[in-house]
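Let's take a friendly walk through this protein model. Have a look at it below, then read on.

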Amino acid sequence: MTTQELIAQIKKKKSFLCIGLDVDLNKIPSHLLTEEDPIFEFNKAIIDATHHLCVAYKPNTAFYEAYGIKGWQSLEKTINYLNTNYPEIYTIADAKRGDIGNTSTMYAKAFFEDLAFDSVTVAPYMGKDSVEPFLAFKNKHTIMLALTSNEGAFDFQTKIIDGKEVYKQVLETSKSWKNSENLMYVVGATKAEYFKEIRKIVPTSFLLVPGVGAQGGSLQDVCKYGLSENIGLLINSSRGIIYASNETNFAEAATTNAKELQQQMEVILNN
(Lines give C-alpha, C1' and ligand atoms only; values in the text may rest on other atoms or scores of the structure.)
Protein backbone atom coordinates (compact mmCIF):
# COMPACT_ATOMS: atom_id res chain seq x y z
CA MET A 1 0.00 0.00 0.00
CA THR A 2 1.33 3.43 -0.91
CA THR A 3 1.39 6.38 1.47
CA GLN A 4 -1.24 8.16 -0.64
CA GLU A 5 -3.57 5.15 -0.41
CA LEU A 6 -3.17 5.15 3.36
CA ILE A 7 -3.95 8.87 3.54
CA ALA A 8 -7.05 8.31 1.39
CA GLN A 9 -8.30 5.66 3.83
CA ILE A 10 -7.72 7.98 6.79
CA LYS A 11 -9.75 10.71 5.15
CA LYS A 12 -12.50 8.31 4.13
CA LYS A 13 -12.89 6.71 7.55
CA LYS A 14 -12.16 9.86 9.56
CA SER A 15 -9.76 7.73 11.53
CA PHE A 16 -6.03 7.21 11.98
CA LEU A 17 -6.53 4.37 14.44
CA CYS A 18 -4.29 1.30 14.41
CA ILE A 19 -5.40 -1.70 16.48
CA GLY A 20 -2.72 -3.91 17.96
CA LEU A 21 -3.45 -7.63 17.77
CA ASP A 22 -1.32 -8.78 20.72
CA VAL A 23 -3.07 -12.02 21.59
CA ASP A 24 -2.40 -13.65 24.95
CA LEU A 25 -4.26 -16.94 25.46
CA ASN A 26 -4.42 -16.15 29.18
CA LYS A 27 -6.47 -13.03 28.47
CA ILE A 28 -8.87 -13.97 25.69
CA PRO A 29 -12.41 -15.17 26.51
CA SER A 30 -12.30 -18.72 27.83
CA HIS A 31 -15.02 -19.98 25.47
CA LEU A 32 -12.61 -19.49 22.55
CA LEU A 33 -10.08 -21.91 24.00
CA THR A 34 -12.13 -24.86 22.74
CA GLU A 35 -11.67 -23.68 19.13
CA GLU A 36 -9.12 -25.36 16.89
CA ASP A 37 -7.27 -22.04 16.51
CA PRO A 38 -8.36 -19.71 19.35
CA ILE A 39 -5.88 -16.99 18.41
CA PHE A 40 -7.21 -16.68 14.87
CA GLU A 41 -10.85 -16.90 15.99
CA PHE A 42 -10.21 -14.08 18.47
CA ASN A 43 -8.50 -11.94 15.81
CA LYS A 44 -11.18 -12.64 13.23
CA ALA A 45 -13.92 -11.51 15.62
CA ILE A 46 -12.02 -8.34 16.56
CA ILE A 47 -11.30 -7.52 12.92
CA ASP A 48 -14.88 -8.09 11.78
CA ALA A 49 -16.14 -5.87 14.61
CA THR A 50 -13.71 -2.97 14.21
CA HIS A 51 -12.43 -2.80 10.62
CA HIS A 52 -14.71 0.12 9.75
CA LEU A 53 -13.28 2.19 12.61
CA CYS A 54 -9.54 1.78 11.98
CA VAL A 55 -7.12 2.03 9.09
CA ALA A 56 -4.47 -0.41 10.32
CA TYR A 57 -3.86 -3.58 12.34
CA LYS A 58 -0.56 -4.36 14.03
CA PRO A 59 0.10 -7.91 15.23
CA ASN A 60 3.10 -8.02 17.55
CA THR A 61 4.86 -11.13 16.30
CA ALA A 62 6.18 -12.09 19.76
CA PHE A 63 2.64 -12.98 20.80
CA TYR A 64 2.54 -15.51 17.96
CA GLU A 65 6.11 -16.80 18.04
CA ALA A 66 5.62 -17.66 21.72
CA TYR A 67 3.22 -20.45 20.68
CA GLY A 68 5.61 -22.03 18.20
CA ILE A 69 4.51 -23.20 14.77
CA LYS A 70 0.83 -23.02 15.72
CA GLY A 71 1.22 -19.38 16.68
CA TRP A 72 2.98 -18.59 13.40
CA GLN A 73 0.17 -20.32 11.52
CA SER A 74 -2.33 -18.16 13.42
CA LEU A 75 -0.41 -15.07 12.32
CA GLU A 76 -0.41 -16.28 8.72
CA LYS A 77 -4.16 -16.95 8.81
CA THR A 78 -4.74 -13.51 10.33
CA ILE A 79 -2.82 -11.58 7.67
CA ASN A 80 -4.38 -13.68 4.89
CA TYR A 81 -7.83 -12.95 6.31
CA LEU A 82 -7.10 -9.23 6.36
CA ASN A 83 -5.63 -9.12 2.86
CA THR A 84 -8.49 -11.16 1.40
CA ASN A 85 -11.45 -9.56 3.16
CA TYR A 86 -10.26 -6.05 4.00
CA PRO A 87 -7.54 -5.20 1.45
CA GLU A 88 -7.95 -1.48 2.18
CA ILE A 89 -6.54 -2.02 5.68
CA TYR A 90 -2.88 -1.15 6.26
CA THR A 91 -0.99 -3.98 7.96
CA ILE A 92 2.02 -3.74 10.26
CA ALA A 93 4.20 -6.64 11.35
CA ASP A 94 5.47 -5.45 14.71
CA ALA A 95 8.61 -7.58 14.66
CA LYS A 96 11.32 -5.04 15.58
CA ARG A 97 13.88 -6.84 13.45
CA GLY A 98 17.39 -5.50 12.98
CA ASP A 99 20.41 -7.23 11.47
CA ILE A 100 22.81 -6.60 8.61
CA GLY A 101 22.99 -7.46 4.93
CA ASN A 102 21.43 -10.69 3.75
CA THR A 103 19.82 -11.34 7.13
CA SER A 104 17.76 -8.16 6.91
CA THR A 105 16.84 -9.05 3.34
CA MET A 106 15.54 -12.41 4.52
CA TYR A 107 13.56 -10.80 7.32
CA ALA A 108 12.08 -8.42 4.77
CA LYS A 109 11.16 -11.29 2.44
CA ALA A 110 9.48 -13.11 5.31
CA PHE A 111 7.16 -10.23 6.14
CA PHE A 112 6.77 -8.47 2.78
CA GLU A 113 6.68 -11.41 0.37
CA ASP A 114 5.68 -14.54 2.28
CA LEU A 115 3.19 -12.93 4.69
CA ALA A 116 2.43 -9.88 2.49
CA PHE A 117 2.41 -7.26 5.23
CA ASP A 118 2.48 -3.62 4.15
CA SER A 119 5.12 -2.70 6.71
CA VAL A 120 7.42 -4.00 9.41
CA THR A 121 9.00 -2.40 12.48
CA VAL A 122 12.79 -2.42 12.72
CA ALA A 123 15.45 -1.43 15.24
CA PRO A 124 18.13 0.95 13.87
CA TYR A 125 20.95 0.23 16.33
CA MET A 126 23.10 -1.49 13.68
CA GLY A 127 22.72 1.40 11.26
CA LYS A 128 22.18 1.85 7.54
CA ASP A 129 23.02 -1.64 6.32
CA SER A 130 20.49 -3.13 8.73
CA VAL A 131 17.61 -0.94 7.48
CA GLU A 132 18.21 -0.31 3.77
CA PRO A 133 17.44 -3.94 2.77
CA PHE A 134 13.88 -3.39 4.08
CA LEU A 135 13.60 -0.07 2.24
CA ALA A 136 14.37 -1.74 -1.10
CA PHE A 137 10.86 -3.24 -1.36
CA LYS A 138 8.48 -1.24 -3.54
CA ASN A 139 5.24 0.02 -1.95
CA LYS A 140 6.31 -1.33 1.43
CA HIS A 141 7.13 0.73 4.50
CA THR A 142 9.80 0.28 7.13
CA ILE A 143 8.80 1.64 10.53
CA MET A 144 11.93 2.46 12.47
CA LEU A 145 12.12 2.83 16.24
CA ALA A 146 12.90 6.48 16.98
CA LEU A 147 11.69 7.41 20.47
CA THR A 148 9.86 4.70 22.39
CA SER A 149 7.43 4.92 25.30
CA ASN A 150 9.12 2.52 27.71
CA GLU A 151 11.04 3.51 30.85
CA GLY A 152 14.35 2.26 29.43
CA ALA A 153 14.10 4.64 26.47
CA PHE A 154 16.05 7.15 28.57
CA ASP A 155 19.01 4.75 28.82
CA PHE A 156 20.14 5.64 25.29
CA GLN A 157 17.59 7.46 23.14
CA THR A 158 17.63 10.82 24.93
CA LYS A 159 21.35 10.87 25.78
CA ILE A 160 23.16 13.91 24.40
CA ILE A 161 26.20 13.18 22.26
CA ASP A 162 28.04 16.03 20.52
CA GLY A 163 25.33 18.39 21.66
CA LYS A 164 22.36 16.47 20.26
CA GLU A 165 20.03 13.76 21.56
CA VAL A 166 20.65 10.32 20.08
CA TYR A 167 17.07 9.95 18.81
CA LYS A 168 17.46 13.17 16.82
CA GLN A 169 20.68 11.89 15.29
CA VAL A 170 18.93 8.65 14.36
CA LEU A 171 16.12 10.57 12.64
CA GLU A 172 18.46 12.89 10.76
CA THR A 173 20.81 10.11 9.65
CA SER A 174 17.98 7.90 8.42
CA LYS A 175 16.86 10.59 5.98
CA SER A 176 20.08 10.08 4.01
CA TRP A 177 19.52 6.36 3.44
CA LYS A 178 18.50 4.95 0.08
CA ASN A 179 14.69 4.86 -0.40
CA SER A 180 14.21 6.78 2.87
CA GLU A 181 10.85 7.97 1.52
CA ASN A 182 9.63 4.50 2.57
CA LEU A 183 10.44 5.18 6.22
CA MET A 184 7.98 5.70 9.03
CA TYR A 185 8.94 6.08 12.68
CA VAL A 186 7.81 4.77 16.06
CA VAL A 187 7.33 7.56 18.60
CA GLY A 188 5.73 6.83 21.97
CA ALA A 189 2.63 8.79 22.97
CA THR A 190 3.85 9.16 26.55
CA LYS A 191 6.52 11.54 25.21
CA ALA A 192 4.11 13.99 23.54
CA GLU A 193 6.33 16.98 24.35
CA TYR A 194 8.97 15.58 21.99
CA PHE A 195 6.72 15.58 18.93
CA LYS A 196 7.35 19.24 18.20
CA GLU A 197 11.10 18.61 17.94
CA ILE A 198 10.58 15.44 15.91
CA ARG A 199 8.41 17.27 13.37
CA LYS A 200 11.24 19.74 12.78
CA ILE A 201 13.32 16.82 11.49
CA VAL A 202 10.67 14.69 9.75
CA PRO A 203 7.82 17.14 9.03
CA THR A 204 5.74 14.87 6.80
CA SER A 205 6.76 11.31 7.68
CA PHE A 206 4.17 9.01 9.22
CA LEU A 207 4.64 8.31 12.91
CA LEU A 208 3.35 5.11 14.51
CA VAL A 209 2.36 6.09 18.03
CA PRO A 210 1.87 3.46 20.74
CA GLY A 211 1.00 4.33 24.31
CA VAL A 212 -2.41 6.03 23.97
CA GLY A 213 -4.88 4.65 26.49
CA ALA A 214 -3.52 1.85 28.64
CA GLN A 215 -0.05 3.43 28.86
CA GLY A 216 -1.39 6.86 29.69
CA GLY A 217 -0.63 8.79 26.51
CA SER A 218 -2.94 11.65 25.49
CA LEU A 219 -4.44 11.61 21.98
CA GLN A 220 -5.02 15.35 22.09
CA ASP A 221 -1.42 16.13 23.08
CA VAL A 222 0.00 13.85 20.41
CA CYS A 223 -2.16 15.44 17.72
CA LYS A 224 -1.39 18.97 18.92
CA TYR A 225 2.29 18.50 18.15
CA GLY A 226 2.35 15.50 15.83
CA LEU A 227 -0.25 16.07 13.10
CA SER A 228 1.26 17.00 9.75
CA GLU A 229 -0.18 18.45 6.56
CA ASN A 230 -0.89 14.89 5.37
CA ILE A 231 -2.09 13.78 8.83
CA GLY A 232 1.06 11.70 9.36
CA LEU A 233 -0.06 9.75 12.41
CA LEU A 234 -1.13 6.19 13.15
CA ILE A 235 -2.29 5.95 16.75
CA ASN A 236 -2.05 2.41 18.09
CA SER A 237 -4.27 0.96 20.80
CA SER A 238 -3.99 -2.69 21.77
CA ARG A 239 -5.11 -3.74 25.23
CA GLY A 240 -7.62 -0.90 25.55
CA ILE A 241 -9.58 -2.28 22.60
CA ILE A 242 -9.01 -6.02 22.22
CA TYR A 243 -9.34 -6.74 25.96
CA ALA A 244 -12.27 -4.41 26.61
CA SER A 245 -14.12 -7.54 27.78
CA ASN A 246 -13.19 -11.19 28.34
CA GLU A 247 -16.80 -12.34 28.10
CA THR A 248 -18.75 -13.54 25.08
CA ASN A 249 -19.45 -9.88 24.19
CA PHE A 250 -15.72 -9.14 23.72
CA ALA A 251 -16.09 -8.10 20.08
CA GLU A 252 -18.93 -5.68 20.84
CA ALA A 253 -16.92 -4.19 23.70
CA ALA A 254 -13.95 -3.77 21.37
CA THR A 255 -16.20 -1.95 18.91
CA THR A 256 -17.35 0.44 21.62
CA ASN A 257 -13.82 1.36 22.67
CA ALA A 258 -12.57 1.64 19.09
CA LYS A 259 -15.55 3.84 18.21
CA GLU A 260 -14.75 6.15 21.11
CA LEU A 261 -11.22 6.71 19.80
CA GLN A 262 -12.38 7.04 16.20
CA GLN A 263 -14.90 9.71 17.17
CA GLN A 264 -12.21 11.69 18.97
CA MET A 265 -10.08 11.46 15.83
CA GLU A 266 -12.95 12.59 13.63
CA VAL A 267 -13.37 15.73 15.76
CA ILE A 268 -9.65 16.45 15.50
CA LEU A 269 -9.62 15.95 11.71
CA ASN A 270 -12.64 18.19 11.24
CA ASN A 271 -11.10 21.08 13.17
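## Salt bridges

Lys 44 and Asp 48 form a salt bridge, with their closest N and O atoms 3.4 Å apart (a salt bridge is a side-chain nitrogen of Lys or Arg within 4 Å of a carboxyl oxygen of Asp or Glu). The two are about one helical turn apart because they sit four residues from each other in helix α2 (helices are DSSP runs of H or I with at least four residues, strands are runs of E with at least two, and both are numbered from the N terminus).

This is a predicted model, where local features need pLDDT of at least 70 and side-chain atom pairs count only at pLDDT 80 or more, while totals for chains, interfaces and linings use all residues. Residues are numbered from 1 along each chain as its sequence is written, and side-chain values use heavy atoms, leaving out hydrogens and water.

By the rule above, the count is 11 salt bridges. In another one, the side chains of Lys 77 and Asp 37 meet at 3.0 Å, N to O. This pair links distant parts of the chain, 40 residues apart: Lys 77 is in helix α4 (residues 68-85) and Asp 37 is in the loop between β1 (17-20) and α2 (38-50).

## Buried or exposed?

Asp 37 counts as buried at 11% relative accessibility, and Lys 77 counts as partly exposed at 35% (buried means under 20% relative accessible area, exposed over 50%, partly exposed in between, with a 1.4 Å probe and protein chains only). Lys 44, with 28%, is partly exposed, and Asp 48 is partly exposed at 29%.
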